[in-house]
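Please open the model in your viewer and keep the sequence beside it, so that each selection on this tour can be followed from one stop to the next.

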Amino acid sequence: MFVAAVAVVLLAACESLGWGEGEIRLSFVDGEYVSTKASYSLPDTSDFILEVRNPEGKQIYKGIYGNSPEGLLVSSGTYNISVRSSDAEMPAFESPVFGDEQVVKVSPGSKVNVRLVCYQVNCGVRLKIDPSFLDGCPDGLLYLKSEEGRLHYAYRENRIAYFNPGTISLVLNDKGREESLLARKLSSQQVLTLNVSASTAYSGSGSSLSVKLDTTRTWNSEDYVIGGSEGKGGSIDNALSVNTARDNIGASAVWVLGYIVGGDLTSGAEGISYEMPFTSKTNLALGPRSSVSTKQSCMSVALPSGKIRDALNLNENAGLLGRQIYIKGDIVAAYYGIPGIKNVTEFQLK
């Protein structure tokens, strides 16, 4: 009896997915990136570039994460999944790249839930050039160099130069003569600050230069951890994602960022309408991406009477379907059977 029951369940799963197929479902784990984004001009995770490659390395999907399907049907096998905040070429100034890369195995009839962690995938170098360098080496030019290319680091430059992880060299060009001063191997998430100065006995050789590591600056403790978990959602700049908001039941007067994916909510297991026409003016559904089509991935939103309801209800504003929006309110454990947002006081379309 038990074996037969298992066989029936497996058969049902295979019939819904297709023989030999499985499903990949992706979502972000919000962490330090939310705090980082509050102080740096970085894109929302919804705007990240998602790429999925099959076991042969062939690209089977590439596009904006926020527009990707909630579930990606694939043949069984091993898949490489990567997300990036940018596809900027390295090296480049002020170009931190955030994202994740994972390898997942998909079995026939399975649904694989992948939780993406957002971290800095490239590394950076900043030079602090002492006035003594300009005095002792007026014709000298400093470059930062990797396998992908080089960047000229001007005397008054104060930006961080970003590179793909690997060996980064500091090169001096003095009157056409080049000399490598040092080389450091950097990993993702590392930012190295180097102090460069020239001794009074500088003789036109790099050996007279002093290059010191500034150990007071590290990526995690000073540059990119801006505040802790407290205060997240307190402003539009650090709004909670739908996935994070669902885990913060009881938070009040917080901002949540998501996509308007439907309305006409009911208490049923699949009680959301995702297509026009809509009849209800009192609620809508907020999803982590525009393609969401399952109720359990969403948050419900209670629209208070007045200007907010008039502006956001899908019965009269069907054009809002699929739009990204910031909503400020209280997060409750259940509204129409799923975590929701009540007492909405403000909103802003993105």
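Begin by selecting Glu346 and Lys328, which form a salt bridge whose closest N and O atoms are 3.6 Å apart; the term stands for a side-chain nitrogen of Lys or Arg within 4 Å of a carboxyl oxygen of Asp or Glu. Glu346 lies in strand 23 (residues 338-349) and Lys328 in strand 22 (residues 324-335), so the pair ties together parts that are 18 residues apart in sequence. Strands here are DSSP runs of E with at least two residues, numbered from the N terminus. Glu346 counts as partly exposed, at 37% relative accessibility, where buried means under 20% relative accessible area, exposed over 50% and partly exposed in between, with a 1.4 Å probe and protein chains only.

Before moving on, note that this is a predicted model, in which local features need pLDDT of at least 70 and side-chain atom pairs count only at pLDDT 80 or more, whereas totals for chains, interfaces and linings use all residues. Residues are numbered from 1 along each chain as its sequence is written, and side-chain values use heavy atoms, with hydrogens and water left out.

The structure holds 11 salt bridges, and another one to select joins Glu23 to Lys111, with the closest N and O atoms 3.8 Å apart. This pair links distant parts of the chain, since Glu23 belongs to strand 1 (residues 21-29) and Lys111 to strand 8 (residues 111-117), 88 residues apart. Glu23 counts as buried at 9% relative accessibility, whereas Lys111 counts as exposed at 53%.

Next, display the open sheet of four strands, which follow the order 12-11-14-15 with antiparallel pairing; two strands pair if DSSP finds at least two bridges between them. Its edge strands, each pairing on one side only, are strand 12 (149-152) and strand 15 (177-186). Within the sheet, strand 14 (residues 166-174) and strand 15 run antiparallel and are joined by nine bridges, and Thr167 stands opposite Lys185 in strand 15.

Now select Arg150 and Glu178, whose side chains meet in a salt bridge (3.0 Å, N to O). Arg150 is in strand 12 and Glu178 in strand 15, 28 residues apart. Both are partly exposed, Arg150 with a relative accessible area of 32% and Glu178 with one of 40%.
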